[in-house]
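This report goes through selected features of one protein chain. Please look over the sequence and the structure before reading on.

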Amino acid sequence: MKTHTRVAIIGGGVVGCSVLYHLTRLGWTDVTLLERSELTSGSTWHAAGGFHTLNADTNMAALQGYTIQLYRELEQQSGQSCGLHHVGGITLASTPDRMDFLRAERAKHRYMGLETHLVTPEEIRELSPITNTDGVIGGLYDPLDGHLDPAGTTHAYARAAKNNGADIVLRNRVLALHPRADGSWELETEQGNLVAEHVVNAAGLWAREVGAMAGVLLPLHPMEHQYLATDTIEEVANHGRELPHVMDPEGESYLRQERDGLVIGFYEQACDPWAVDGTSWEFGHELLPDNLDRIGDSLAAAYRRYPVLERAGIRTVINGPFTFAPDGNPLVGPVQGLRNYWSACGVMAGFSQGGGVGLILAEWMVEGEPSRDVFAMDVARFGDYPTASWTRIKVRENYQRRFSVSYPNEELPAGRPFHTTPAYGIWQQQNAVFGAGYGMEHVNYFAPAGEEPFEIPSFRRSNAFDAVAAECRAVREAVGINEVHNFSKFEVAGPGAEAWLDRIMAGRIPRVGRISLNPMLSRAGRLIGDFTVSRLADEIFQLTASYGAQNYHQRWFEQNLPDAGVRLKNISRERIGFQVAGPRARELLARVARGVVSNAAMPFLSVRQLQIGPCDAIVQRVSYTGDLGYEIYAPAEQQVALYAELSRAGTDLGLRPFGMRAMMSLRLEKSFGSWLREYKPDYTPLETGLERFVAYDKLADFIGREAALAERERGASRRLVTFAVDALDADAVGDEPIWHDDEVVGFVTSGGYAHYARTSVAIGFLPVELATPGREVEIELLGEQRPARVLDQVLFDPDGERLRG
């Protein structure tokens, strides 16, 4: 074995081999894969080998499509068969909600270019005569679905990578990892030491152990998973062509043909986490003991759905472990806090996602950033908040919900509450309905007295509709109060702070006592942040952005920090508080603050440090509601006292708490964009309207400047616009196609009901030639094209008199 390599990949499953292949494809050939046993050891060898494109995240679905389409090319490059069976697949719907879900997925696929289509029970029986369609309403057919040979595919990646110059070292376990001062790593292995400029953790079942070698707790846990293979079934053998895959979510099963029999697997409710205390290094090509009792209910449902199974003999039972992240998506990318340590873990659908994961990670390493937004599988989406026990609880929940309908308004209950603020108990007493993001509880809305604090999951307007409308009216007509803990907060200080911020932010850096709204760009000029920058003193700044993106942003900050002169601290949980918003917000603030808060003394986009009762607060004149409002930050231990002051002073002003449902409704009335909806790395400042905050001509050579100037020179091909939608009982959520003259011309980024304006609203992209006020289009909502019109001005306070007055 050599002693130095550019990249060391730990793990020889399908994901590790895909990363190895894609790195060589992009020109990095001094790459080495280290496998403790043989290729495919772990989970890969016993996988059922199915592949599909269906995924709630459109970029994940696109990467799954890339993976599937790669296999033919991979066979040609390697000379190794992948054992492909492109037979198509059907997802069954037995409830109206499931059919709504499939309609929404089909709508996404329209603008993604995926050729799925909805099918009737009659069409399902024609495609799969062995399927009993009693109780089935319809289904979704995807011609790309199929299955392959797991071992053959893994070896195809490996052989193609070796043909390109990569090295593979088998039967060589990594024993320890040691970071070096220059950012490289020394790997202790059974065959000697190896220095690598980069390390990739693709260790699958052992990813937790390889993470621990670098001092990282990765949120992963293995689960036992069973599937059965039958003996020959006459109806299958005599069908004449290979049967399509069938997924029966209500039965918690997936089914496909294998030879003249069937394979059927289950995601059962009575599931078992595996290797709770760690994966043994001796485990590899073994299976776990059969446990048919665990899948008894699911198996009974399968006999009803596929009656031929009752007459079939079971040829073999496969019970093996697979590794999952808490939300079921992979953990990919650079790990915050470590130099040149990369994750490619938790890829439970390796033959649907492995190619896409390899491509994205290789792009990230070679080119500096991936070619699309991959936050849905970015390891940074969890940061460092998960514990091992929380991870295990959430992984089990995700496994149980593998075939559950994913509702846009659903909040999953397992492992909650986890993180809370001191105000949590205050909201509980007021019948709050909570959601959670990045481990932190937040109020979605307040249920009326006497009602259970629970929002019924739905694709249509829920039982929260009237309560949210009342909260919106309170803000617009009096004053509302809402927590601001779900903004991330960073403190940047030091003699080099201003110069560093001027380089890392694309906008202007404010003077003391002022605020600026600042896009942050990647080197390719794409949006990677949407910040409020507040200057508290000459050398002290506060940055606020999305709470859920704090690890993503901290990683970028640390990658670009100078060696000296700048101190960066994440204070997201330390500095929390409230916002007050509405026409009486200034009157409320004046009652509690020591100091003058008139419009002259505290204009829009200003920031001051004020005493509010016993609390030392930072007050910013800005509000995401688009109304007159203030964000009031204080140390976490002072939050309850701060609430008491505001609550007492606001009683006769009509002060009312409001939650995130109301916040998101109010922001639609101002066409305010939202992170990971309107603003994300798939988009640029010019096409989203954020170019007005980009200081193209400032002296600082900010990151992304060259790309941003080039985009301004050539112009954007699409623009973000706001629509009023003639909706019925369902509003846009995001990813719905936009139609014009019987063609899909754009897509929705987010939407909802603007309660105070009494208008269903969508925000989305149109080609620039169509993005004109008054343009009439149709937006597809749950399979129905509804009329929509491009607005010529925002729905609330178009002149900004309330916001700035």
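## Nonpolar cores

A nonpolar core is a set of buried Ala, Val, Leu, Ile, Met, Phe, Trp, Tyr and Cys residues joined through side-chain atoms within 4.5 Å. Buried means under 20% relative accessible area, exposed means over 50%, and partly exposed is in between, with a 1.4 Å probe and protein chains only. The model is predicted, so local features need pLDDT of at least 70 and side-chain atom pairs count only at pLDDT 80 or more, while totals for chains, interfaces and linings use all residues. Residues are numbered from 1 along each chain as its sequence is written, and side-chain values use heavy atoms, with hydrogens and water left out.

The largest nonpolar core has 65 residues, and I9, L23, Y71 and V200 touch the most other members. Helix α9 gives the most to this core, with eight residues. Helices (H or I, at least four residues) and strands (E, at least two) are DSSP runs, numbered from the N terminus. Another core, of 41 residues, lies apart from it and includes A497, L521, A549 and F702. Contact means heavy atoms within 4.5 Å. Not counting residues up to four places away in sequence, V200 touches V7, A8, I9, I10, V19, W342, A344, L361 and M365.

## Second largest pocket

On a 1 Å grid over the protein atoms alone, a pocket is an open set of points with protein on both sides within 12 Å along at least five of seven lines, whereas a cavity is a set of points where a 1.4 Å probe fits but cannot get out; lining residues have an atom within 4 Å of a point. Grid points are joined across faces, edges and corners, and a volume is the space filled by probe spheres set on the points. The second largest pocket has a volume of about 770 Å³. Its lining consists of 32 residues, with P334, W364, G368, W556 and Q559 nearest the centre. Two or more lining residues come from each of β18 (341-345), α9 (350-367) and α14 (550-559).

The lining divides into 14 nonpolar, eight polar and 10 charged residues. In this division Ala, Val, Leu, Ile, Met, Phe, Trp, Tyr, Cys and Pro count as nonpolar, Asp, Glu, Lys and Arg as charged, and the others, Gly among them, as polar. Helix α14 supplies the largest share of the lining, five residues. Eight of the 10 residues of α14 are buried, so this helix is largely enclosed by the rest of the structure. The buried residues in α14 are Q550, N551, Y552, H553, Q554, R555, W556 and F557.

Two strands pair if DSSP finds at least two bridges between them. Strand β34 pairs with strand β35 (residues 743-754) in the antiparallel sense over four bridges, and V744 in β35 is the bridge partner of W739. Strand β34 is also joined by two bridges to strand β37 (residues 776-781), again antiparallel; here I738 stands opposite I779.

The hairpin of β34 and β35 has two residues between the strands, and D741 takes a positive phi near 55 degrees there. D741 is not a glycine, and it counts as exposed at 60% relative accessibility.

## Other backbone features

S671 is another non-glycine residue with a positive phi, of about 60 degrees. S671 is placed in the loop between α17 (660-668) and α18 (685-688) and counts as partly exposed at 27% relative accessibility.

The peptide bond from R416 to P417 is cis, with omega near -5 degrees. P417 is in the loop between α10 (388-400) and α11 (424-429).

P657 belongs to strand β32 (residues 655-657) and is buried, with a relative accessible area of 12%. The C-alpha atoms of P657 and W427 are separated by 8.7 Å, although these residues are 230 residues apart along the chain. Not counting residues up to four places away in sequence, P657 touches W427, Q430, F446, E471 and I481.

E491 lies in strand β22 (residues 487-493) and is partly exposed, with a relative accessible area of 24%. Leaving aside neighbours within four places in sequence, E491 is in contact with I540, F541, R567, L568, K569, I571 and R575. The C-alpha atoms of E491 and S534, 43 residues apart along the chain, are separated by 9.7 Å.
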